[in-house]
Protein chains: 2
Amino acid sequence: MRGRANVAKASDRAYQQIRLAMLNGDFAPGAPLKEEELAQLFGVSRTPVREALRRLEAEYLVRRTDGARSFVADWSTDDVAEMFTLRAMLEGHAAARAATRISAGALAELGVLNATLGRAIDSGDTDSFLKANRDFHAVVLAAAQSPRLAGMLTALVEQPVVRRTAQRYGAAEFRRSHAEHSALVEALRAGDPTWAESTMTGHIRRAFHAFAAASDQLPAV
Amino acid sequence: MRGRANVAKASDRAYQQIRLAMLNGDFAPGAPLKEEELAQLFGVSRTPVREALRRLEAEYLVRRTDGARSFVADWSTDDVAEMFTLRAMLEGHAAARAATRISAGALAELGVLNATLGRAIDSGDTDSFLKANRDFHAVVLAAAQSPRLAGMLTALVEQPVVRRTAQRYGAAEFRRSHAEHSALVEALRAGDPTWAESTMTGHIRRAFHAFAAASDQLPAV
DNA sequence: ATCGCAGCTGATGTATACAAAGAAGCATTG
DNA sequence: CAATGCTTCTTTGTATACATCAGCTGCGAT
């Protein structure tokens, strides 16, 4: 606020920029995150950087040692497995809730997003696929109308490891996702919570095993 | 750190004191939480207070308006229902995991805690009951060995509304809890995840309905 | 050579000053 | 009298200085 005409608060900008950099893999897992360094990097003071780091810590993107030093979180195979398990459960629950609450508009939006997703597969555009996929899941989550559930899930969904590994998925995996999304839309349109939940849970579990298979081919997780 | 010999960091103290005050009901739901005011109240500066407020916000104990002002969260009936639903799911999952991971020592500890709980019922000591109950659930959660799951649950479990209402539970409710805990210990000792999960989920769901019944008798939730 | 300790270095924690954004109160005008 | 715009005051956001702490380095003793 001092001598600047910002669109957003400095702490928000710091949060988003650090987050983006981590998801892009600009910071190596395990690398130390020094407040002063980040502050200079983004042109703000330490105060908003500290706030951003706390938020990222709550999202498991940043790990703090006992000595209060911050590091880029590095996820073990077990950590990823745990995350997928929780995500399958929570997102399955979200799908069940959504089945009885989703609006016609949201349903239409899901159709559009899944079509976009299909085109992205055909053109081999991984980034577009990932974006459409993210949006699809976000719409389902919003339809669940459970703010706390949403909060928990957003903390789990985006993780650098996952994003990196997704680049290695084969075309078959992508098509499989596309088909599963279609099934989910059907289940939601039918208003069947059990069907929707099963479909979503299976969808996430399959993604987990695709991840595990793909990460075996990587030098390091 | 300036001119003080603290046992813990000021931000931690601020966090715990504000949290405790809220759980004790010292702050009315919906009341404004002003940084400067809290700072003077606890003898620290605004900086650690701000940090504490952010943590409490993440735990849904503090709500912030668009204008960035902080207030004591007031939970609607729907909010409480949502919370119990999520808790039943997550804590059920924790029990399932614990069934295959719990140590003999932790099992013994659960037995001791549940015995303490029984004695608290006999002597009509509600506070002791609540503490033993909290400890019991904490041991199960620790046995699940899932740090992220633990993080999610601790944010859900302790809420002022719940604690206030628990004071209204009848003796029958307490004994029911006691019996259900015993069943859970059996399931865990048998190492049966499905049994443990069902028992825990039922336990939480029953608590929810006891809460709903008790809160009907209150002037305001 | 290794262990232990002292001092140093660098990073985090806290306090405080000031800037900006909102909210509330007041006056003015239709 | 109601509505609206302006002013004032309260509250939060950011920057910065300084205190404190943790880890490291280098020296010495065993």
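Modeller: Axes here are lines fitted to C-alpha atoms, for helices over the stretch in contact, and angles between N-to-C directions run from 0 to 180 degrees. Helices are DSSP runs of H or I with at least four residues, numbered from the N terminus. The model is predicted: local features need pLDDT of at least 70, side-chain atom pairs count only at pLDDT 80 or more, and totals for chains, interfaces and linings use all residues. Residues are numbered from 1 along each chain as its sequence is written, and chains are lettered from A in the order in which they are written.

Colleague: Why are α5(A) and α9(A) called roughly antiparallel?

Modeller: Helix α5 (residues 104-122) and helix α9 (residues 171-190) of chain A pack at an angle of about 165 degrees, with axes 10 Å apart. Angles over 145 degrees count as roughly antiparallel, and the pair is therefore given that description. Their crossing is left-handed, a term used if the near helix is turned anticlockwise from the far one by less than a right angle.

Colleague: Which residues of α5(A) make the contact with α9(A)?

Modeller: With contact defined as C-beta atoms, placed from the backbone, within 7 Å, α5(A) contributes A:Leu107, A:Leu110, A:Gly111, A:Asn114, A:Leu117, A:Gly118 and A:Ile121. Among the residues on the α9(A) side are A:Phe174, A:His178 and A:Val185.

Colleague: What makes B:Arg175 partly exposed?

Modeller: A residue is buried if 20 or more other C-beta atoms lie within 10 Å of its own, exposed if 12 or fewer, and partly exposed in between. B:Arg175, in helix α9 (residues 171-190) of chain B, has 13 other C-beta atoms within 10 Å and is therefore partly exposed. The C-alpha atoms of B:Arg175 and B:Asp122, 53 residues apart along the chain, are separated by 9.3 Å.

Colleague: Why does A:Ala213 count as partly exposed?

Modeller: A:Ala213 has 14 C-beta neighbours inside 10 Å, so A:Ala213 counts as partly exposed. A:Ala213 is found in helix α10 (residues 193-216) of chain A.

Colleague: Which residues touch the most other members of the largest nonpolar core?

Modeller: They are A:Ala98 and B:Ala98, in a core of 74 residues. Such a core is a set of buried Ala, Val, Leu, Ile, Met, Phe, Trp, Tyr and Cys residues joined through C-beta atoms within 7 Å. Not counting residues up to four places away in sequence, A:Ala98 touches A:Val140, A:Ala143, A:Ala144, A:Leu188 and A:Ala196.

Note on methods. Helix = DSSP H or I, 4+ residues; strand = E, 2+ residues; numbered from the N terminus. Parallel < 35°, antiparallel > 145°, perpendicular 65-115°, else oblique. Contact = placed C-beta atoms within 7 Å.
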